[in-house]
Every structure is written in C-alpha cells, then in structure tokens.
Amino acid sequence: SAPVFTKRILLVWHSRTGLARQMSDAAEMGAHAAAEEMGCGQSDFSVLRRRARDATVEDVLGSDGYIFCGPVISSACPPDQPSS
C-alpha cells in the first residue's frame, strides 16, 4: 500500500482580550475545511493548538506549517482603544 503522509499545522495563539483566541478558533476551522476540500482525511491532517507560552521547539520542528494569532499593536491605535 502507498505510504501515508500526515501533515500537521501548528497554531500558536496569544490573546489578552479573547479576540485573538476567537481568530485562532476560526483559523483552525478554516484549516480543517481546506484540508477536507483537498481530500485529506482526519488521519492525514491535524492542527496542534498551543498557547504562545506553551509552544515548544519540538512543536515547531514537528510541524509542517504554522499559523500565529495574536494582538495587533499599532501606534495608529489610540491608547484608550485596545487592540485585539
């Protein structure tokens, strides 16, 4: 039989307000939807979610792709308006 190539996406997130976490939830759903559309089964594709503080070198080295979700810090945002 043909070899099975499992692909893993590492999704690393950091959120102070919860908005970046919501974005990471949507990114994970989108990654699974894209994999399904390309014909990847659950045994062929996975998303490993980690909080930024919990991600390890092994997580990075053991993954085939990466998604990073975090707050945007911009000088264009007034100080009284929080970023995501």
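This is a predicted model: local features need pLDDT of at least 70, side-chain atom pairs count only at pLDDT 80 or more; totals for chains, interfaces and linings use all residues.

Reader: Which element gives the largest share of the patch?

Author: That's α2, with three residues.

Reader: And which residues form the patch, with how much accessible area together?

Author: Val57, Val60, Leu61, Tyr66 and Phe68, with about 550 Å² together.

Reader: Take Phe68. Where is it found, and is it buried or exposed?

Author: Phe68 sits in strand β3. It counts as exposed because its relative accessibility is 61%, and the cut-off for exposed is over 50%.

Reader: OK, back to the helix. What about Asp59, buried or exposed?

Author: Asp59 lies in α2, which spans residues 57–61. Its relative accessible area is 7%, so Asp59 is buried; that label applies under 20%.

Reader: What does the Asp59 side chain make a polar contact with?

Author: The side chain of Arg50, at 3.0 Å. Leaving out residues up to four places away in sequence, Asp59 touches Arg8, Leu10, Leu48, Arg50 and Asp54.

Reader: Zooming out, what pattern does the protein follow along the sequence?

Author: β-α-β-α-β, with two helices and three strands.

Reader: How much of the protein is made up of buried residues?

Author: 23% of the 84 residues. The protein exposes about 6,100 Å², and 56% of that comes from carbon and sulfur atoms.

Reader: And what share of contacts comes from residues 24 or more positions apart?

Author: 76%, counting contacts with a separation of 6 or more.

Technical notes. Residues are numbered from 1 along each chain as its sequence is written. Side-chain values use heavy atoms; hydrogens and water are left out. Helices (H or I, at least four residues) and strands (E, at least two) are DSSP runs, numbered from the N terminus. Buried means under 20% relative accessible area, exposed over 50%, partly exposed in between (1.4 Å probe, protein chains only). A polar contact is a pair of N or O atoms within 3.5 Å; within protein, one must be able to donate a hydrogen and the other to accept it, and residues adjacent in sequence count only if both atoms are side-chain atoms. Contact means heavy atoms within 4.5 Å. Patches are made of residues with over 30% relative accessible area and no salt bridge: like charges are joined within 9 Å, nonpolar side chains (Val, Leu, Ile, Met, Phe, Trp, Tyr) within 5 Å. Accessible areas come from the Shrake-Rupley method with a 1.4 Å probe; for residues, only the protein chains shown count as cover. A salt bridge is a side-chain nitrogen of Lys or Arg within 4 Å of a carboxyl oxygen of Asp or Glu.
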